[in-house]
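Subject: Structure handover

Hello,

Here is the structure I promised to pass on. Please open it and keep it beside you while you read the notes below.

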Amino acid sequence: MRKVYINGTGCVSPAGWGVDGLHNAVFNNSPAPVHELERPGWEEPLKMRAVPRLSPPPAFLRHPRLRRSSPLTHYAASAVFEALKVGGANPDLSVIPQNTGILVCLQSGCVHYSYRFFNEALDNPATASPLLFPETVYSAPASHLACILQRTEIVYTLVGDPATFLRALALGAGWIAEGRLDACLVVGAEELNWLLADALWHFDHHAVPSAGAGALFLSAFSECSDAIELALVTDAFTYNSRLNRHEAAVRMREALPPGSGNEVLCDGREGRTLKDKIENSVWSGWPGARFSPKATLGEGFMAAGAWLPVTACEALKDNRYTAANVSVVGNDQQAIGARFIRHAGAGEASSRAPAGDGAA
Amino acid sequence: MLFPESNNKRKNRRVVITGAGIITGHGNGWHDNAEGFRSGNVALRPVTLFDTSRQRVSIAAEVRLPESAPDTLLPIKQVRRLDRAGIMLLHAVHQAYAQSQWNAHEDTPVIMGTTSGGMALGEVYFRHATRSPAKHRGQPTRAYIYQAQTQVRLAAEAVGCYGPITIISNACASGANALGLAWEWVHGGRADRVLTGGYDALSELVFTGFNSLQSLSPTGCRPFDAARDGLSIGEGAAAFTLETLDSAEARGAPILGEITGYAACIDTHHLTQPHPEGDAAVFTMTRACRSAGVAPEDIDYVNAHGTGTPANDGSEAIALRRWAGRHVSSLNVSSTKAGIGHLLGAAGAVEAAACLMAVQGQWLPPETSINEPDPLCEFNIIRRPMGSKIEYALSNSFGFGGANATLILRRWS
C-alpha cells in the first residue's frame, strides 16, 4: 500500500481568496467581518460572513465552461487551482497526473441558481430559463472542474454533512494507496443566500453562516522536503437511535491518537459555549495547540468541513508541530476524525503558524 | 477505520445480490415491477402532484404510494415526517433487507445515489419562507428532512443498518455509480456487505427544469424511435443488498444475481449534451466488460440509458455500434424508460433491478411504444415481450454534466 501525501492546499473563505486569508484569520485570530443579509419579509436582517468580491475577476473565469456557473463553482475552482499551484486563463495542466480523481463534496449545493430557477418556475413555468436549470444540479461543479482540468476517469460528487469531506479524503486516499490513482483532488464548497441562512437560523438563531471552499491535492508522491502525510481517517460514526451526536464524537476521539504538546487539533468550535459543548467536552485535556476555523470564518457547511484539514496542513508547515488531528462533528449525519503527520526533511519548514488556541 | 485500509483484505471477490427492493410507476415490489417490465407496460399518466397547466407537458410516471409505510424499526412519528422521496426509499430498503434476511443492528456501509434528495420538501420550505415569512412552524423539520443524508440515514436505521453513509449525486448516473462503488467495495475487500441503491421523487423544480430545456416529450417517451421527441420523467427507488459470494453461501441465502463489472467516467463535451460519437459511453462499456471479463458478444441484453431525446439516443446508438463492432446486429437492446420514465438519480439502480429481473426470469423487457426505429440503431430493439436466454446484461446510465456509468449483471445459476 502506498502512502498518501498532501501536495497542495487551496481555500476561499470570508477571509479572502487563498490560503493566506485563512491563515491570517485563524492563526492570528482575526475574524472575518460580519455583514447583514437582507431577509425578504423580515424587518431584521440575517447575519453572514461573505466571501469578498474579487476585482478584477480571476483569470480562470474566462474558461467557456464557467460563463454561467455558480459562485460555488468559482470558489471550488479557485481552491483547486491554488492547491495545484497553477493559474491563469490557460493553466498548465501537465503538472497534474493523468489519472487524477476529482471528488467534490457539498451539503447545500448551488443555492443561487436553485433559488432563481424556482422563483421563475413559480412565477411562470413556461418561461423559466433553461440557462439556469443545469446549474442547479449537484454535480455541475464537478463536471466543470473535470472539463477545465481534463481529468475524467473518477469524478464523484458526494452529498452529506460537513464530515463528508473527510469521508471523501479517505475515499481518494484509498484509491491512491491501492495504486488506482496517482493523485486526487478533494474539494468541499458551499455558497450562501438568504434562504440557506434562513434555514440555519431555524436551528440556531446566533449562527453566522458563510461560504467558500477548501481543497486538498492528494498524491502518492510528496513534492516537498517536509512531507505532510494523511496518516489516517477514522470510521464514520453515524448518528442514530443507538449513537447520539455526543457519543459519536466520543468514539471519533477515541479512534484518534491522544496527542502531545507538539501536536495540533483543528476542530469545529465556533467560539460559543453552548454550541461548542460537545467538542469542548470530547477534547478536554488536549495537550497541544488548538485551532477552530469556524470561530473566525463562520459556519461554512461543507466549505468549513474542508477548512479544517486545510488549517491542519497550514499548521504543520510550522516546524514546531509534528502532527495534527482534525475533528469534524457533523450537523446531522456523522462524526469523523483525521490525522496528518509532518515528516521533516532536509528543507527548512516555513514557520508561520503561532502556538495557541485559535477559538474565540 | 476509513483510511488506511487493512493490508490483509482479499481482493477480486465475487459479489452477489441477495436482496432487491423496488418501487416505480409500475408498482411497489418485485412482482408488479417484473410484470411491468416483462410486458412493456407504460406507466405514464397525468401529473397529480403539482399544477402542470402552464407547462408544455403534463405527464409523468408517478408512483402510487401505498397507503401505509412498511413496518420497520423506525418510530411511526419519524415515518410521518418523511417526504415522498424518503418514503419511497424506505419501501425499497425494507424490501431488500427483508429479502436478504440480513440481521438488524449491523454497521453495514450504505451507498445511495440521488439527484434531488427531498427537493419537493425544499419547495414547500421555499414557498413557506417567501409567502409566510413570519410563520416558522414546520420549517425546521422541512429543512432537516429535505437533506439527502437524513432520508438515507432514516431509511437505513429503519432496517437496523447503522454503518457509514455515502451519498453520490452524479446526476442521472447517481444510482449506477452507487451500485458500482458498492460493488467495488465488496469486490475489492473494503467491505463484506453494502446496502446500496438510488432514489428520486418527482418535484416541480426538476419537472419544470426539463420542461424549460424542451427535453420533455408531450406524448410520452419513445427511446430510439425515429420520431422521438423527448423524455418523460418518472420517480421511484431501488435498493440492493450486496455481499460476497462466500458470505451468501455460508448463510445459505438465496442469490438473485451477480454484479460482475462496473466502469464510470466523465464526458466533458458539454454540460447537458453527450458527445455526439458517444466517446465516454464507449469507454465505460469497454471498461466495464473488461472488469467483468466478458466481450460485447457475451452480452445478451443491453438496458440502454435511452432517454428518448434526439441527442442522447443518437449518441448512444453510435456508441453501441462502436463498442459492439460486428456484433452490434445481434445485440438485444431496450430502454425501460419507455415504461417508467426517467428516474434521474434512481434510474441506474431501478434499471439494474430491471436487468436482474430479466436475467432471473430469462425474458427481455420490451419497448411497446416504439413505432419506427431510428436508422442509426443497428441493434435489435426489443419491441414485444419475449423470453430469451440471458447470461449477462449490461446497463448504461448517463447524466447531466457527463457522468457516465455502466454496470454488468450476471444470471445466478
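B:Pro4 sits in the segment before β1 (15-24) of chain B. The peptide bond that joins B:Phe3 to B:Pro4 is cis. Its omega is about -5 degrees. Please keep in mind that this is a predicted model.

Chain A has a cis bond to look at as well. It runs from A:Ser55 to A:Pro56, and omega is near 0 degrees. To find A:Pro56, go to the loop between β4 (46-48) and α2 (71-84) of chain A.

Another backbone detail is at A:Asn29. Its phi is near 50 degrees. That is a positive value, and the residue is not a glycine. Look for A:Asn29 in the loop between α1 (19-27) and β3 (35-37) of chain A.

Now the domains. Chain A splits into domain 1 (5-219) and domain 2 (227-343). How far apart are the C-alpha centres of domain 1 of chain A and domain 2 of chain A? They lie 21 Å apart. In the contact, domain 1 of chain A supplies 51 residues and domain 2 of chain A supplies 42 residues. Together the two domains of chain A bury about 3,500 Å² between them. Carbon and sulfur atoms carry 71% of that area. Two salt bridges cross the interface of these domains.

Here is a salt bridge to display in chain A. The side chains of A:Arg272 and A:Asp204 meet at 2.5 Å, N to O.

A:Arg342 also forms a salt bridge, with A:Asp226 as its partner. Their closest N and O atoms are 3.3 Å apart.

Next, the two chains together. How many residues of chain A are in contact with chain B? The count is 76 residues of chain A, against 70 residues of chain B. The area buried between chain A and chain B is about 6,100 Å². Of this, 60% comes from carbon and sulfur atoms. On the chain A side, A:Phe118, A:Phe133 and A:Tyr156 lose the most area to chain B. Together they make up 11% of what that side buries.

Over all chains, the salt bridge count comes to 36.

Last, the cavities. The whole structure holds five cavities of 30 Å³ or more. The largest cavity has about 70 Å³ of space. Which residues lie nearest its centre? They are B:Gly40, B:Asn41, B:Thr336, B:Gly339 and B:Pro366, out of 14 lining residues. Two elements of chain B give two or more residues to this lining: α1 (30-39) and α12 (337-340). By type, the lining of the largest cavity has four nonpolar, nine polar and one charged residue.

Best wishes

Technical notes. Residues numbered from 1 in each chain as written. Chains lettered and ligands numbered in written order. Predicted model: local features only at pLDDT ≥ 70, side-chain atom pairs only at ≥ 80, totals over all residues. Heavy atoms only, no water. 1 Å grid on protein atoms, 1.4 Å probe; cavity = no way out; pocket = protein on both sides within 12 Å on 5 of 7 lines; lining within 4 Å. Points joined across faces, edges and corners; volume = space filled by probe spheres on them. Helix = DSSP H or I, 4+ residues; strand = E, 2+ residues; numbered from the N terminus. Nonpolar A, V, L, I, M, F, W, Y, C, P; charged D, E, K, R; others polar. Domains from an automatic or database assignment. Contact = heavy atoms within 4.5 Å. Buried area = accessible area lost by both parts, 1.4 Å probe. Salt bridge = Lys/Arg side-chain N within 4 Å of Asp/Glu carboxyl O.
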